[in-house]
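Take a look at the model below. Start with the whole chain, then move to its inner spaces and its rings.

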Amino acid sequence: MSGRVHKSILNAEVNLIFYFLTLLLAFFSRRIFLDCLGAEFIGLTGTLGNILGYLNLVELGITASIGYFLFKPLQSNNRQEVQDILSLLGYLYNWIGCIILAGGVLISFFFPFIFSKAEFGLSIIYFAYYSFLGSSLIGYFINYRQIILSADQKNYLVAIYYQSANILKIILQIFLAYSYQNLYAWVGVEFLFGIIGCVILNWKINKEYPWLDVNKSRGRALLKQYPEIITKTKQVFIHKIKDFALIKSDELFIFFFVSLKMVAYYGNYMIVISKLISLFSAVTGSVGASIGNLVAEGDKEKMIKVFWEITTIHHTISAILCFSLYAFLEPFIALWLGSEYILDNRILILLIIFVYITNSRKSIDSFNYAHGLYADVWSAWAELIINVSITIVAGLKWGIIGILLGKIISLLAIVVFWKPYYLFTSGFKESVTIYWKGVIRNYVISFASFALAIYAIKYIPINPYQSLWEWALYAAFGMTIFLTIVFSATLLFAKGAKDSLSRIKNIRKK
């Protein structure tokens, strides 16, 4: 087994272990936090997190650029170049951290106006905000070196130490929320464990790379040595603005167009969706650096072969996600939190479309990233303008439905059509017709399998709204039906499916 495949499998195994450890804890804690701290406070923390997300856009996409430039020196064991690149990152992050701190303080002056209708006093809002801001700044001033673990396919180390600290944090927050209902204590624990996680992770990096000598003071001089990093960063920056507006700003738009309480209701759905996505990302998300190393080798035939394997996997996973959400999410929400937390069914349908597009695109994104293809800044601006324009107009009229429509329409124009064209013409140097001849099969397989399974599960004689046990039985029968249909169709018709199956069999033998 190659080192690249071995690391990918190790990352996947560790991610899966921590996924299941945190899954039940996340749902249990959400219910405790809603009951003991209130939906208004949970909505507040989500809104503050998104405000900080806007500030973090100042990061300019430097992390993505640095990760791209680390692939080759890590592959060739060029330690000096690795140290130079991380020293440059440390220098840039020092400046970025200062800018975010200044911007964060400035924005906080407007909180009396932004949160004028909130049920809380400004003291807890400011305490929570500056605690979250402090946790964020730790990553810029201290924790920036962890990028080497990602580029070197050692994300399992981040998972082990970061997730262990996260589990302890949530357990302590559950105890404090249930016993004292103290908002300050809950926030204080959040900040404290941000520091603890940072200290532990840096200790592990020092053990893993004892030769790593990062000197931020050399960063200014190194800017001249690596001008392409700044060029690439400027390109990535535009894409990051677009990605944030599309994916991370939901709760802010809902806060402005609907209500703070609806932020929490929507957040309940997104917790379930994110956990499902995390389950599959725990397996597939570990291949990003592996693709970077593959592209660095320069074997185009091998690259395209792997591309089709990964594309088919992502489309199949997206179909599984969408079926699971449509068939089982609403009864789960009713049993978990209560039927009053169920949103309009049209919101669920739009969320499913959004989930399919954003998850099936990941193979395209991974290979564009590995090729360093960020020069299409016009596409980011176009997607952003389409998204924000439709969101503002439709959001004011239809609320959450309008916000989701803005996201989906912008994705169709750029992600579904432009990004594959850009990869095939500028990355693989092949006709995009090859892509569409292959990927159209995946769309047909996913849609047909979804429709057939939804029709079939109507005949399952179980009411999933009655109890968690009946919901689990209903889900088990439903998933068995869907998986039988989608896997059979994928193996028969999807490009790269048989190669993927052969690769899995070979890995298991080894």
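This is a predicted model: local features need pLDDT of at least 70, side-chain atom pairs count only at pLDDT 80 or more; totals for chains, interfaces and linings use all residues.

Residues are numbered from 1 along each chain as its sequence is written, and side-chain values use heavy atoms, with hydrogens and water left out.

The protein chain has 22 helices and 0 strands. Helices (H or I, at least four residues) and strands (E, at least two) are DSSP runs, numbered from the N terminus. The chain holds 510 residues, and 54% of them count as buried. Buried means under 20% relative accessible area, exposed over 50%, and partly exposed in between (1.4 Å probe, protein chains only). Contacts are heavy atoms within 4.5 Å. Among contacts with a separation of 6 or more, 84% join residues 24 or more positions apart.

Now go inside. Rolling a probe the size of a water molecule over the atoms shows where empty space is left. A cavity is a set of points on a 1 Å grid over the protein atoms alone where a 1.4 Å probe fits but cannot get out; lining residues have an atom within 4 Å of a point. Grid points are joined across faces, edges and corners, and a volume is the space filled by probe spheres set on the points. There are 4 cavities of 30 Å³ or more.

Next, the rings. The whole structure contains 34 aromatic pairs. Rings of Phe, Tyr and Trp (its six-membered ring) pair if their centres lie within 6.5 Å; planes under 30 degrees apart count as stacked, over 60 as edge-to-face and the rest as tilted. Phe-367 and Phe-428 pair edge-to-face, at 5.7 Å centre to centre and 65 degrees between the planes. Phe-367 sits in helix α17 and Phe-428 in the loop between α19 and α20, 61 residues apart. Phe-367 counts as buried because its relative accessibility is 0%. Phe-428 is buried too, also with a relative accessible area of 0%. Both belong to one aromatic cluster, which includes Trp-308 and Tyr-435.

Last, see Val-388 in helix α18 (residues 377-398). Val-388 counts as partly exposed because its relative accessibility is 26%.

Conventions. On a 1 Å grid over the protein atoms alone, a cavity is a set of points where a 1.4 Å probe fits but cannot get out, and a pocket is an open set with protein on both sides within 12 Å along at least five of seven lines; lining residues have an atom within 4 Å of a point.
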